[in-house]
Amino acid sequence: MSAILTITANTMLDHLSRARVEPGAVTRIERFEAAAGGKGLNVGRVLARHGHRVVASGFAGGTSGALLTDLVARDGMEPAFVATAARTRIGFLCIDDARGGNTSVLEGGFAVDAAEIGALVTHTRRLLAGMDLCIVGGSVPDPTCNDLFRLILDACHQARVPCWIDAYGPAMDAALAAAHPPGLAKPNRQEYGEDGRHWLGCPELHLTDGAASIHVRHPEGRFRVTPPTVRQVNPVGSGDCYLAALAHARLSGQTLEQQLRYAAAAGAANAMRADVARIGPADIAALVDGVVVAPAPDA
């Protein structure tokens with residue numbers, strides 16, 4: 001199996017429950033389940049379930065960061081976070097099974113200073129030794145980090161480790177305009193925007209759109225990938241599962257069509273569950289035959 005470094009700058013101590021939230025009323029639940037949240041950690045959790053060695057880095061601070069670090073280890077990853085003076089952000093997610101929707105309340109980020117950013121970049125350079133792939137996921141916790149992804153890309157280029165990024169906002173814009181842009185990006189339709197020209201510098205693009213078809217621009221061509229139709233329970237993290245499964249399939253030497261099928265099946269498998277990014281190979285394999293991959297020269 002392979003070794004993958006995931007970097008999640010804007011980590012979150014998430015809390016998940018299955019409950020109907022009524023606006024203006026007190027909602028009592030049996031319990032919240034704590035989970036390590038953030039795109040890169042969702043990706044890493046799925047890759048660890050496929051048997052890969054996953055080193056999870058990023059920022060983590062305070063008591064919430066300490067609990068997040070413990071949860072990451074329990075999920076089969078190797079935590080390698082840089083401590084911040086500010087605590088890691090906190091979020092809550094309630095899944096309403098009856099209505100088929102969810103309610104999220106989460107903090108947007110936390111303070112990070114220049115010294116902490118420098119420490120993460122230095123730490124990344126060390127962690128890249130022996131890695132087969134680096135995956136950066138999610139937003140940044142503070143505007144001071146808007147150049148962070150570009151610096152990580154520089155480090156990956158120097159270490160000759162491919163870097164994929166699933167992010168958005170000014171930090172992603174800086175990454176796309178960098179001297180060494182990411183080898184792969186996975187925006188959703190909203191993140192892609194009306195004019196996607198600034199994404200053209202990325203050699204491979206996977207444009208997701210919820211349960212709709214995924215549009216792929218790859219050096220081998222353009223493709224439309226239609227996922228299987230499933231009953232959605234909680235789609236949160238499905239894009240992260242898509243990226244994790246794509247990485248597993250590629251690192252395992254599967255053909256491009258097999259990679260796309262496996263990735264789309266993973267996104268659908270995640271959407272069928274209440275928990276986030278806790279699917280394994282069996283969950284994905286059950287849906288692979290329902291994925292349709294077709295050439296799309298005009299996509």
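Visitor: Where is the place of histidine 123?

Guide: Histidine 123 has its place in helix H3, and please keep in mind throughout that this is a predicted model.

Visitor: Is histidine 123 buried or exposed, and which residues does histidine 123 touch?

Guide: With a relative accessible area of 16%, histidine 123 is buried, since buried means under 20%. Leaving aside residues up to four places away in sequence, histidine 123 touches Ser57, Ala80 and Val82.

Visitor: At what angle do helix H3 and helix H4 pack?

Guide: Helix H3 (residues 114-127) and helix H4 (residues 148-159) pack at an angle of about 25°, and their axes are 9 Å apart. Because angles under 35 degrees count as roughly parallel, H3 and H4 are described as roughly parallel to each other. The crossing in which H3 passes H4 is right-handed.

Visitor: Which residues of H3 and H4 meet?

Guide: From H3 come Ile117, Leu120, Val121, Thr124 and Arg125, and these meet Leu148, Leu151, Ile152 and Ala155 in H4. By class, the residues of this contact of H3 with H4 divide into seven nonpolar, one polar and one charged.

Visitor: How do the axes of helix H7 and H8 cross?

Guide: The axes of helix H7 (residues 238-251) and H8 cross at roughly 150° and come within 7 Å. Angles over 145 degrees count as roughly antiparallel, and H7 and H8 are therefore roughly antiparallel to each other. H7 passes H8 in a right-handed crossing.

Visitor: Which residues in H7 meet residues in H8?

Guide: Residues in H7 that take part include Cys241, Tyr242, Ala245 and Ala249, while among their partners in H8 are Leu260, Ala263, Ala264 and Gly267. The contact of H7 with H8 has 12 nonpolar, five polar and one charged residues.

Visitor: At what angle do helix H1 and H7 pack?

Guide: Helix H1 (residues 39-49) packs with H7 at an angle of about 45°, the axes being 8 Å apart, and H1 and H7 are therefore oblique to each other. Their crossing is right-handed. On the side of H1 the contact is made by Lys39, Asn42, Val43, Val46 and Leu47, and on the side of H7 by Asp240, Cys241, Leu243, Ala244, Ala247 and His248. Sorted by class, the residues of the contact of H1 with H7 divide into seven nonpolar, two polar and two charged.

Visitor: How is a pair of aromatic rings described, and how many aromatic pairs does the count come to?

Guide: A pair of aromatic rings is described by the distance of the centres and the angle of the planes. Here the count comes to two aromatic pairs. Phenylalanine 32 and phenylalanine 92 form an edge-to-face pair, at 5.2 Å centre to centre and with 65° between the planes. Phenylalanine 32 lies in the loop between strand E2 (12-18) and strand E3 (33-37), and phenylalanine 92 lies in strand E6 (residues 89-96), so the pair ties together parts that are 60 residues apart in sequence. Phenylalanine 32 is partly exposed, with a relative accessible area of 33%, and phenylalanine 92 also counts as partly exposed, at 36% relative accessibility.

Visitor: Why is the pair of tyrosine 192 and tryptophan 199 stacked?

Guide: The ring centres of tyrosine 192 and tryptophan 199 are 6.2 Å apart and the planes lie at 25°, so the pair is stacked. Tyrosine 192 is buried, with a relative accessible area of 19%, and tryptophan 199 is buried as well, with a relative accessible area of 2%.

Visitor: Where is methionine 272 found, and which residues does methionine 272 touch?

Guide: Methionine 272 is found in the loop between helix H8 (256-271) and helix H9 (281-285), and is partly exposed at a relative accessible area of 40%. The C-alpha atoms of methionine 272 and glutamine 232 are separated by 4.8 Å, although these residues are 40 residues apart along the chain. Not counting residues up to four places away in sequence, methionine 272 touches Val230, Arg231, Val233 and Leu287.

Visitor: What phi does alanine 277 have, and what phi does arginine 160 have?

Guide: Alanine 277 is not a glycine, yet has a positive phi of about 55°; its place is in the loop between H8 and H9, where alanine 277 is buried, with a relative accessible area of 0%. Arginine 160, likewise not a glycine, has a positive phi of about 60°. Arginine 160 is found in the loop between H4 and strand E9 (163-166), and is exposed, with a relative accessible area of 79%.

Technical notes: Residues numbered from 1 in each chain as written. Predicted model: local features only at pLDDT ≥ 70, side-chain atom pairs only at ≥ 80, totals over all residues. Heavy atoms only, no water. Axes fitted to C-alpha atoms, helices over the stretch in contact; angles between N-to-C directions. Helix = DSSP H or I, 4+ residues; strand = E, 2+ residues; numbered from the N terminus. Parallel < 35°, antiparallel > 145°, perpendicular 65-115°, else oblique. Left-handed = near helix turned anticlockwise from the far one by under 90°. Contact = heavy atoms within 4.5 Å. Nonpolar A, V, L, I, M, F, W, Y, C, P; charged D, E, K, R; others polar. Buried < 20%, exposed > 50% of the residue type's maximum accessible area, 1.4 Å probe, protein only. Phe/Tyr/Trp six-rings, centres within 6.5 Å; stacked < 30°, edge-to-face > 60°.
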